[in-house]
Amino acid sequence: QEEVLQHKTEGECWIIMHDKVYDITKFLDEHPGGSDILMEHAGKDGTEGFEDLGHTEQARQQLEPLFIGELALSEQQREKRHTDKEKQQQRQAQGSSLQPLIL
């Protein structure tokens with residue numbers, strides 16, 4: 001992750017998504033939302049922002065040729081991320097079962 005942090009300029013811009021590292025330098029000018037939003041996540045993990053916006057399958061496919069490697073995580077970090085993902089999925093499942101209250 002420290003190596004990714006070194007690549008946070010418009011001339012060399014890397015981002016982490018789902019524990020994968022992407023070189024998005026050439027994509028900055030092509031991004032429909034503009035380069036500013038990508039630069040906010042440059043050198044960092046942009047997974048949450050990417051998922052919160054609900055990107056299309058096409059957007060996900062555009063990442064594939066930009067892939068440069070897997071993020072090196074310790075076993076402890078991997079376990080924590082797995083646990084965090086499970087908790088998030090549980091919260092989402094609980095939220096989807098709520099019924100509207102009519103007064």
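I began with the largest nonpolar core, which has 12 residues, among them Cys13, Ile15, Tyr22, Ile24, Phe27, Leu38 and Leu66; such a core is a set of buried Ala, Val, Leu, Ile, Met, Phe, Trp, Tyr and Cys residues joined through side-chain atoms within 4.5 Å, and buried means under 20% relative accessible area with a 1.4 Å probe, protein chains only. S2 gives the most to this core, with 3 residues; strands (E, at least two residues) and helices (H or I, at least four) are DSSP runs, numbered from the N terminus.

I noted that the model is predicted, that local features need pLDDT of at least 70 and side-chain atom pairs 80 or more, and that totals for chains, interfaces and linings use all residues. Residues are numbered from 1 along each chain as its sequence is written, and side-chain values use heavy atoms, with hydrogens and water left out.

I then looked up Ile24, which, leaving aside neighbours within four places in sequence, is in contact (heavy atoms within 4.5 Å) with Cys13, Ile15, Leu38 and Leu66.

Not counting residues up to four places away in sequence, Gly43 touches Val4, Leu5, His7, Lys8 and Trp14. I also recorded that Gly43 and Glu12 are 31 residues apart in sequence and 9.5 Å apart in space, C-alpha to C-alpha.

Note on methods. Buried means under 20% relative accessible area, exposed over 50%, partly exposed in between (1.4 Å probe, protein chains only).
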